[in-house]
Structure formats: C-alpha cells, structure tokens
Amino acid sequence: MTVDTEFIPATSEAKPEHSPIDVSSKAFWAQTSEQRDERFARLRAEDPVSWQRPVEDAVAPDPNDPGYWAVTRHADIVKVSRDAKSFISGQGVLFDLLPPEFLEMSQSFLAMDAPRHDHLRKLVSSAFTPKRIQRIDEQIKVAAREVVDSFAADPSGEIEFVERCAEPLPVRLFCDMFGVPEEVRAQTAKSAGDVVSWADPERLGDRSPAEVTLEACQILHGIAGELTAERRKNPADDLFTSLVQAEVDGERLTDHDIGAFFTLLSVAGTDTTKHTSAFTVKAMTEFPDQRDWLRADFDGRIKTALEEFVRFASPVMTFRRTAVVETELAGRKIIPGDKVVLFYPSGNRDEDVFDEPERFDLSRDPNPHVGFGGGGLHFCLGNQLAKGALRALFSELLTRVPDFQAGEPDLLGTNFMRGVKRLPFTFTPEK
Ligand code: HEM
C-alpha cells in the first residue's frame, strides 16, 4: 500500500538564509542530549521556527531538497500536530531522507492521512484502549515480574540493563499481542532495532544504512508473511488474526499491508518503551530524592510520575509533516510543499511550559509533554500500553532492587530515536 496523498513538489519560493543555529549536521546529532538542548533553547528564544539546511549525509539524499522548517516551541509543535488538514503525513514523516522502498515497507498508517489513516488505525485501536490495557494488566505484571526475576537475585549484583531488563519486557508484550512464536522473537527484536539504526555506525558495522534497514524490513515482512498464512488457516485470539480478517474500504488487507503494519508496530512498540525505562533508571540515580518520593507512595504517585518518565526521556526526537496550504507559524510564512519538522525533546524542555525543565520532577502536574506527540490524529496509539509496562516494571524494580544505581549510558547515535545501547546497572541482590 502506498501513501494516499498526491505528490506535492518541494517549494521553489524564495526562502530565508539557512539558520546559523544548525540542527542538520551530523556533528549536532552526535552530541549528548544536554548539548543539543542548549542549541534548542537558543532556537526557541531566537528563531523558534527556523529555516534549516537539508539533513547532512541523508541516507537517500535528494539534490532538490531545499531544507525544512524546524519547529522547536511546545505551542507550535502542538499546533502543527493538531492541524492535519494543513500539515499532512502522507509525504513522509521521517526527518532523515530514506529510500522509498524502505518507507513503503515500514511506515503503514503513521505516514498516511485521513480517511485511509483513520480506517487502518481503527483496525488495531481496540487492542490499545485503556479498558483493554486494564484487562491485560495482570499479563503485563506477570511479564514484568518474570523479567526482574531473571536477574534480581544474581549474586554479582550487576547487569547490563538494556539487554537484561529494558528490552525483554516491551518485546514480550508486543510479541504476545501479535502472537509471534518464541523462536522468532529474538529476531523480531533485533530487526526492529535495525529498522531505526540508520545513523548509528556501531549498529551498521561495515554495511550501508540502506542495506541494514531494508534487510531488517524484509525480515520483519517475512515473519509477518508466515504468521499471516498461518492465521488464515488457523485463526487465534491475537492481532494477526484480526488483521487477516479485517476489511478496509471493502477490501481485505494484502500481505504487504500487514507486513508494513507489523514493521511499524515492532519499532513503535518496543524501542520507545525500552529507551524510556533506561533513561528513567538513570534519572532516578541522578535524582535520588525523586526515587524516594515515588517509593513513599508508589500506587498514589505513579500515574503522575509516568508522564515525567516520558517527558524526561523523550525517546522519539523528530517527526515531519508537509504543508499543503499556506499558513503562518511563529511569524514565518509556510507554503504548500514546505517540510516541517517537529523536535519533541525541544518542546519538552520549553521553559514557557515547564518550570525548571531540566529537572526530573516526578510530581510535575500538569505535565503536558509532547513525548507521545502533540495530539491530533497520529497521537501515540500505544501510550496506554507503554505506561502500563513502565508502571509494572518500576513497581518491581523499586520494591525488589530499590537501591539500584545506573552507570554511564552508551547512547545510540541517530537523529530519530534518543536511545541507550548499553547501561551498567548495579544493585543489592535480592535474598
Ligand atoms: C514511551 C513509549 C512511547 C513513546 C514515547 C511513543 C511516541 C510516539 C510518538 C511521538 C508518535 C507520533 C505522534 C504524532 O505524530 O503526533 C507515536 C505514534 C505511534 N505510536 Fe508510539 N510511543 C511509545 C510507545 C508505543 C507503543 C508501546 C506502541 C504500540 C505497541 C506505539 C504505537 C504507536 C503507533 C502505532 C503510532 C502511530 C499512530 C498514528 O499514526 O496514528 N507506541 N508514538
């Protein structure tokens, strides 16, 4: 299935000079988030919607790419996100430029507009409602308990947190939901990570980003293809079965549609939650008073705290829209064809909205962060599931290994996902 919006060429109208406060360079994205935050703070103050040069060293460069508008203030991120009539997703949502076959295989309804987006989203929405998540709450708790069981009594009192704890929980929940068999779960998790690895030299090794990301998509489509064939023969109580039986606009979904769906959700549903839990254990190590505050009344306080986990981690850093009507944003004239990129971590550090934004404050309330997006049609479908998983995981960690200390994270180098590759984690072993 291709995106269902007519192609709008990039604008040829005269544009301002590219901003000297550059957020397109490779060097910018190789910095720590604290360093990037300084530049975002300057942009918010001096040029909140700035005209930027094209992404440096894009995976699939476009010689005709004139650049894009960088949206850095919270209010503007919300405005663009909620105005899907002026700012569409059907011409791509990724900040980096990637090969069209990759986008086709991996984006599904994330990169579509109404009405097709809404039809496809509806197909899976029922699996993600608060009621449904409450129903599987016990399953989520058991999964979190078993993940923590796997290391809590380890006499060394030391693990690599991402591999042993942060990754297994969301992968298991995602795979349970889709009915992915045990023997291909590890492969699913690895390929989901590879899909978003395009700017991470370690993950790429000596291969090109296009090669790694496309191969990962092909593997995920292969897994989806086998499961689709199997569920057509033997329906079960899982999302695959709902997808093979579903009709959209009077038509059954093709294998390719289901593969793209699976690929989108395998990334959206696993890496995001994984990185949020890694950044949160790190933040609790740096702000021990916040950990104590939460432990003092976990059940009463976790709902508020979860929003701060996501604001502080901001694992999804960028998504793009394309303007289809002339409009104005922070005094800038945006015209049809202009690319508009939303910088969520910048919105989440906007001092006009958050007091002391650099402080990890679990009692922050209200907390209108844009970690799950700025609202509107594409607002994160899995937000309830992510919060359910984080709640269950931290309930276990804070009761069973409450004195944990996270060391220095080894960060993922990309301009899309703010992530942790490895994180040393020590604790007093459970008796
Ligand atoms: C802490 C964890 C998570 C974060 C920070 C996160 C963040 C986001 C963001 C920023 C968007 C784009 C919103 C927009 O364009 O307005 C999004 C969309 C989406 N997320 Fe999440 N996400 C998380 C967890 C999950 C989980 C667990 C799932 C599913 C299992 C999921 C599924 C999706 C899907 C399907 C979309 C596309 C929705 C659409 O286009 O209609 N996410 N998420």
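The exercises below concern a predicted model.

**Exercise 1.** State how many helices and strands the chain has, and decide how its radius of gyration relates to the globule rule.

*Solution.* Start with the secondary structure: 19 helices and 14 strands are assigned in the chain. Next, take the radius of gyration, which is 21 Å. For 431 residues the globule rule gives 22 Å, and the computed value is close to this, so the chain is as compact as a globular protein of that length. Finally, the C-alpha trace spans about 70 × 55 × 45 Å along its principal axes.

**Exercise 2.** Find what share of the chain is buried, and which residues of the largest nonpolar core touch the most other members.

*Solution.* Of the 431 residues in the chain, 48% are buried. The largest nonpolar core holds 117 residues. Within this core, the residues that touch the most other members are Val 71, Phe 161, Val 340, Val 341 and Ala 389. Now take Phe 161 and set aside its neighbours within four places in sequence: the contacts left are Ala 166, Ala 278, Val 281, Ala 406, Leu 423 and Phe 425. For the chain, consider contacts between residues at least 6 apart in sequence; 76% of these join residues at least 24 apart.

**Exercise 3.** Describe the shell around the ligand by residue, by element and by class.

*Solution.* The ligand is surrounded by 29 residues, and Gly 269, Thr 272, Gly 373, Cys 380 and Gly 382 are the closest. Two or more shell residues come from each of helix H14 (255-268), helix H15 (271-286) and helix H19 (383-400). Sorting the shell by class gives 17 nonpolar, 11 polar and 1 charged residues.

Terms used. Residues numbered from 1 in each chain as written. Predicted model: local features only at pLDDT ≥ 70, side-chain atom pairs only at ≥ 80, totals over all residues. Core = buried A, V, L, I, M, F, W, Y, C linked by C-beta atoms within 7 Å. Buried ≥ 20, exposed ≤ 12 C-beta atoms within 10 Å, placed from the backbone. Contact = placed C-beta atoms within 7 Å. Near = placed C-beta within 6 Å. Helix = DSSP H or I, 4+ residues; strand = E, 2+ residues; numbered from the N terminus. Nonpolar A, V, L, I, M, F, W, Y, C, P; charged D, E, K, R; others polar. Rg over C-alpha atoms; globule rule 2.2 N^0.38 Å.
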